[in-house]
Amino acid sequence: MAKHPFHDIAIVGIANSDQARVLEGHDSTTITFQAVHRVLADTGLSPSDIDGVAAGPFSGPLTYYMRNGPAWRNHMAPSIPIILDAASAIATGQCHTVLVAHGSAGVYTERASTAPWTRPAHEFVVAYGMFTAAEFALIAQRHMHMHGTTPEQLATVAATIRNNGHAHPEAVYRGRGPFTPDDILASRMVADPFHLLDCAMTSEGACALILTTRERAQDLPTKPVYILGGACDSFGPSYQHPPAWDLAGPSGRNNGYTGRWAAQKSFAMGELSPTDVDVCEFYDPFSFEIIRQFEAYGFCEEGEGGEFIMDGRIGPGGQYPVTTDGGTMSFSHGGAAVQQLQRVIRGVEQLRGTCATAQVPDAQVAMCSNGGAGALFTDVMLLGTETP
Amino acid sequence: MSEILQPQSPGIPLPVPTLFSQPYWDGCQVGELRYQRCRDCGVITMDPAPACSACFSPDLDWEVSAGQGEVYSWTTVWRPQTPAFTVPYVAVIVTLDEDFWLLANLINCPVDAVHVGMRVKTTFVELSEEITLPYFEPAD
């Protein structure tokens, strides 16, 4: 008997489609289908083995064209919350094998503006020129004011992650480095304190995962990776209200540390603590977010994140290697959702031990995350090769 | 001499008021920064909402802020959201003295003068027949 229902759910398939700044000859549907073909090949499963689909707007088309109905479905753009929904649907017997997929191509074409998904037309932000970088900058500046976190510390995060992407053969920005913190600081300012190279890039691509039961996973060729824990913290809608560090209700739990309570729940589910984590596949929309997450999740004390990430601790061979494929800064950033799924895909790759670059030796526990305080939410998943 | 921040020109994307935010935008047109206070628990709700963000009561009153406050956080933006915006511009979250946050842009201030704790006050700029935008400027 599993100690938590998630422990009976395994991720058995992972795939990335081609990733590029612009994918000629693709739209969002065709690139998503490419990722689905690849994830089926990864697991050796056929469409008739899939009885649940969570692929945002592609859920309906995939079920229709795969002819795998009647199927469980979820139409929300998939990221960690939807993976957890899929795991819950399997754990409660609504279905047994779920395909999760998303992709984006041909969406961001008006390059004089910031990407369309970064600038919702909400009445209290639209006329002030707000977009994702500015929202997250307001969080970072507050932390720098409170704790003295420095631009050099932010730049160290960005250089580390970009160097992971530099080395990764499938990263959109492969071979662009190597980068030093000074290179980051020398790039043009976008939204103070974020230089261009402190920020996510934009690209196109798709990815897919397959989840099934522990029992079914034993018959598949891939090494199963189990869900040890997962939970989600939200403080409201993204990019509509002031992204204040101290936003909180009567509980006192504040947006600045969004993700902390999801992490605590996740660690409890898996009977784990931060020191058990071998690899940190943290979401990296902006360099500061990595510093914030180490504090939020309890890897270090509040205000100490800036020092914590220095001296190689988060680089290859360090105590807590972070975002090992290059993340949204260098691997890919396909839109509103696909790159969030890619954090989990990389976590699975690390635990399978199949990373072509930056493989953490004998990695057994991976922590994956989505979101960030500038967007008023953070989602967390813990993955493992074994369950408690 | 550092550049002095200016309001944006007409042509930027403008707010579309909702049923419950319209009184806020009406206030801006007459030079008032309006906010809601709960008749049940007395706590301020901002941005405008259909219910109190402390006790969720639907019974909210409109009051007028003195428009004075201090910068809670800031960012100077050098890459515009769209080409309609002129850079640099500074986004600030201001803690008003009545104790609520408002996000806006800072103007009439040297670009490198903004800092957390800076005292600011509201100023209003008409951008269309329907929309007058609140901005902040240095208090003295």
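1. Helix α12 of chain A covers residues 338-352, 15 residues in total. From its first C-alpha to its last it reaches 21 Å, close to the 21 Å expected at 1.5 Å a residue. The model is a predicted one.

2. Is α12(A) mostly covered or mostly uncovered? It is mostly covered, with 14 of its 15 residues buried. The helix is followed by A:Gly353, and the phi of A:Gly353 is positive, near 80 degrees.

3. Chain B has one helix and eight strands. Read from the N terminus, its elements run α-β-β-β-β-β-β-β-β.

4. On overall dimensions, the C-alpha atoms of chain B fill a box of roughly 50 × 30 × 25 Å along the principal axes. Of the 140 residues of chain B, 36% count as buried.

5. Contacts within chain B can be sorted by sequence separation. Taking those with a separation of 6 or more, 54% are between residues 24 or more positions apart.

6. How is chain B divided? Domain 1 takes in residues 16-65 and domain 2 takes in residues 66-140. The centres of these two domains of chain B, taken over C-alpha atoms, are separated by 20 Å.

7. The contact between the two domains takes nine residues from domain 1 of chain B and 14 residues from domain 2 of chain B. On the domain 1 side, α1 (22-29) and β1 (33-38) of chain B each supply at least two residues. The largest share of that side comes from α1(B), with three residues. By class, the side of domain 1 that touches domain 2 has six nonpolar, three polar and no charged residues.

8. Between the chains, the contact takes 28 residues from chain A and 31 residues from chain B. Which elements give two or more residues to the side of chain A that touches chain B? They are α4 (132-147) and β5 (189-191) of chain A. α4(A) gives the most to this side, with six residues.

9. The side of chain A that touches chain B divides into 17 nonpolar, six polar and five charged residues. The size of an interface is often given instead as the accessible area lost when the parts come together.

Methods
Residues numbered from 1 in each chain as written. Chains lettered and ligands numbered in written order. Predicted model: local features only at pLDDT ≥ 70, side-chain atom pairs only at ≥ 80, totals over all residues. Contact = placed C-beta atoms within 7 Å. Helix = DSSP H or I, 4+ residues; strand = E, 2+ residues; numbered from the N terminus. Nonpolar A, V, L, I, M, F, W, Y, C, P; charged D, E, K, R; others polar. Domains from an automatic or database assignment. Expected span 1.5 Å × (residues − 1). Buried ≥ 20, exposed ≤ 12 C-beta atoms within 10 Å, placed from the backbone.
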